Amino acid sequence: MKKKPKYNPRIHHRRSIRLKGYDYSSKGLYFITLCVKDRECLFGEIVNGEMLLNDAGHMIEKWYFELENKFPDIRCHEHIVMPNHFHCIIENMGIPVGADLCVCPENETSCIDWELPEFEETGHAGPPLHPCQQTVLGEPIFGDHTGSPLWHVIQWFKTMSTNEYIRNVKTNSWPRFNGKLWQRNYWEHIIRDEKSHIAIAEYIVANPKNWDEDSINPKNKRK
């Protein structure tokens with residue numbers, strides 16, 4: 001007789017998308033994942049375990065580093081542009097700068113807070129469920145902030161990269177996307193210590209080598 005699966009609160013409470021009471025404008029490191037809508041591979045290709053960026057991929061990288069110019073309290077760390085998604089580690093320096101909430105035309109602020117026990121407990125980047133497979137929607141945190149709210153930083157990046165992509169569809173015949181460039185949700189994970197930072201950074205760097213097994217690789221899409 002098979003044993004009944006053990007109750008796992010991480011699975012049964014995935015609608016709890018933000019860490020309750022956590023100030024996402026506070027000082028700290030955040031692991032972010034953004035996915036292209038419909039898993040379209042628009043940013044380049046993987047060849048022999050290496051990511052070869054096309055012009056669109058270089059554009060995504062450019063706007064990532066522009067975050068430091070737009071937001072004086074934000075620093076950009078390890079990142080990887082993949083064919084249809086983007087991983088990065090963003091640091092909020094905790095500098096009191098206030099929040100300019102008037103630059104983004106879209107209310108595209110949902111996010112997913114997905115726990116990574118492999119990173120926090122063992123320090124090894126295992127093969128967890130890919131963030132882009134989760135579709136739960138959240139709401140932004142408004143109010144007073146000591147620094148740039150994370151949702152606002154990501155929204156600005158998505159807006160600027162989308163606008164430039166659209167311009168290049170018109171002028172340079174880049175492949176069209178369906179409705180939106182980015183999936184509406186994004187995924188965030190609070191990096192709590194150096195051990196987790198190292199593990200997640202290694203996971204980011206190794207992403208191209210693991211592309212064949214990646215759950216968001218279109219070749220691995222479940223039918």
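**Exercise 1.** Is W156 buried or exposed?

*Solution.* The structure is a predicted model, in which local features need pLDDT of at least 70, side-chain atom pairs count only at pLDDT 80 or more, and totals for chains, interfaces and linings use all residues. Residues are numbered from 1 along each chain as its sequence is written, and side-chain values use heavy atoms, with hydrogens and water left out. Buried means under 20% relative accessible area, exposed over 50%, and partly exposed in between (1.4 Å probe, protein chains only). W156 has a relative accessibility of 8% and therefore counts as buried.

**Exercise 2.** Determine whether the end-to-end distance of helix α2 agrees with its number of residues.

*Solution.* Helices (H or I, at least four residues) and strands (E, at least two) are DSSP runs, numbered from the N terminus. The expected span is 1.5 Å times one less than the number of residues. For the 16 residues of α2 (residues 55–70) this gives 22 Å, and the end C-alpha atoms are 22 Å apart, so the two agree.

**Exercise 3.** Describe the N-terminal cap of α2 and the packing of the helix.

*Solution.* Begin at the N-terminal end: N54 caps α2 through a side-chain oxygen 3.1 Å from the backbone nitrogen of A56. Such a polar contact is a pair of N or O atoms within 3.5 Å; within protein, one must be able to donate a hydrogen and the other to accept it, and residues adjacent in sequence count only if both atoms are side-chain atoms. Next, list the buried residues of α2: A56, G57, M59, I60, W63, Y64 and L67. These buried residues pack against β3, β4 (74–81), β5 (85–92) and α4 (150–172), where contact means heavy atoms within 4.5 Å.

**Exercise 4.** Classify the aromatic pairs Y64–F65 and F71–W156.

*Solution.* Rings of Phe, Tyr and Trp (its six-membered ring) pair if their centres lie within 6.5 Å; planes under 30 degrees apart count as stacked, over 60 as edge-to-face and the rest as tilted. The count by this rule is eleven aromatic pairs. In Y64–F65 the centres are 5.3 Å apart and the planes stand at 55°, so this pair is tilted. Y64 is buried at 1% relative accessible area, whereas F65 is partly exposed at 38%. F71 and W156 form an edge-to-face pair, with 5.8 Å between centres and 90° between planes. Because F71 lies in the loop between α2 and β4 and W156 in helix α4, the pair ties together parts 85 residues apart in sequence.
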